[in-house]
Amino acid sequence: MDTDPTPTAPILRLGDTAPDFEANTTHGPLRFHDWKGDSWCVLFSHPADFTPVCTTEFVGFASRADEFAKRDVKLIGNSIDSVYSHIAWVRNIEQTQKVSVGFPVIADLDQKVAGAYGMVHAPMAVTATVRTVFFIDPRNVLRAMIYYPLTTGRNIDEILRVIDALQTSDENGVATPAG
């Protein structure tokens, strides 16, 4: 008999519909599918505000926001910190790193978003989301996912490469090679 009290997170699979949700964000309340509209979306989670690795990732996403916008990709972050913490952290990033964070950050205090997307991995932590990137197409279909341990930052070039590959495949009916 399994005595692990940790709830099992859903296993999202490629081709699944990205779960819809309502949440408070640094840009106010939103309903995810309505906010996303018919754009591509990169939904990414981070373990905690004001941490060194998460800060470098936010600087990376924010400094490349124009490149995502050119590809019709909306960015949205998620963690289980509060809106107030997110706002203070974003302001700190803008002041110290001289980059504007123009995308919303979800305040997922009740872990509803993290739970729906399977971002809390109990062996790693029960109160923090692992670093996850979800690539969601204009039809709200989950097209790719990348999971990172809490200790490893993401590579924004790779995230843009995956978007380019997915969009190229859709537009031309081709497979894309490595790199």
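Figure 1. Contact here means heavy atoms within 4.5 Å. Helices (H or I, at least four residues) and strands (E, at least two) are DSSP runs numbered from the N terminus. The model is predicted, so local features need pLDDT of at least 70 and side-chain atom pairs count only at pLDDT 80 or more, whereas totals for chains, interfaces and linings use all residues. Residues are numbered from 1 along each chain as its sequence is written, and side-chain values use heavy atoms, with hydrogens and water left out.

**Figure 2. The seven-stranded sheet.** The secondary structure comprises six helices and seven strands, which follow one another along the sequence as β-β-α-β-α-α-β-α-β-α-β-β-α. An open sheet of seven strands is formed in the order β2-β1-β5-β4-β3-β6-β7, and its pairing is mixed. Strands β2 (28-31) and β7 (142-148) are the edge strands, each pairing on one side only. On average, neighbouring strands of this sheet are turned by 30 degrees against each other, direction ignored. Two strands are taken to pair if DSSP finds at least two bridges between them.

**Figure 3. Strand β1 between β2 and β5.** Strand β1 (residues 22-25) runs antiparallel to β5 (residues 105-107), and two bridges join them. Towards β2, β1 is joined by four bridges, again in an antiparallel arrangement. A hairpin through two residues connects β1 to β2. Residue T25 stands opposite I106 in β5 and opposite G28 in β2. The covered face of β1 carries A23 and T25, while E22 and N24 are on the uncovered one.

**Figure 4. Aromatic pairs around F134.** Rings of Phe, Tyr and Trp (its six-membered ring) pair if their centres lie within 6.5 Å; planes under 30 degrees apart count as stacked, over 60 as edge-to-face and the rest as tilted. By this rule the count comes to 11 aromatic pairs. The rings of Y117 and F134 have centres 5.0 Å apart and planes at 65 degrees, so they form an edge-to-face pair. Because Y117 lies in helix α5 (residues 112-117) and F134 in strand β6, the pair ties together parts that are 17 residues apart in sequence. Both partners are buried (under 20% relative accessible area; exposed means over 50% and partly exposed in between, with a 1.4 Å probe and protein chains only): the relative accessibility is 0% for Y117 and 0% for F134. The rings of F134 and Y147 are also edge-to-face, with centres 6.3 Å apart and planes at 85 degrees. This pair links distant parts of the chain, F134 in strand β6 and Y147 in strand β7, 13 residues apart. Y147 is partly exposed, at a relative accessible area of 37%. Ring pairs join F21, F32, W35, Y117, F134 and Y147 into a cluster.

**Figure 5. The surroundings of R154.** R154 is placed in the loop between β7 and α6. With a relative accessible area of 9%, R154 is buried. Leaving aside neighbours within four places in sequence, the contacts of R154 include F44, S45, H46, E57 and F61. Further contacts of R154 are R131, T132, V133, Y148 and I159. The C-alpha atoms of R154 and T56 are 9.1 Å apart in space, although the two residues are 98 apart in sequence.

Figure 6. The structure holds zero disulfides, a disulfide being a pair of cysteine sulfur atoms within 2.5 Å. Of the 179 residues in the protein, 46% are buried. Residues 24 or more positions apart account for 70% of the contacts with a separation of 6 or more. The protein exposes about 9000 Å², of which carbon and sulfur atoms supply 53%; accessible areas come from the Shrake-Rupley method with a 1.4 Å probe, and for residues only the protein chains shown count as cover.

Conventions
Axes fitted to C-alpha atoms, helices over the stretch in contact; angles between N-to-C directions.
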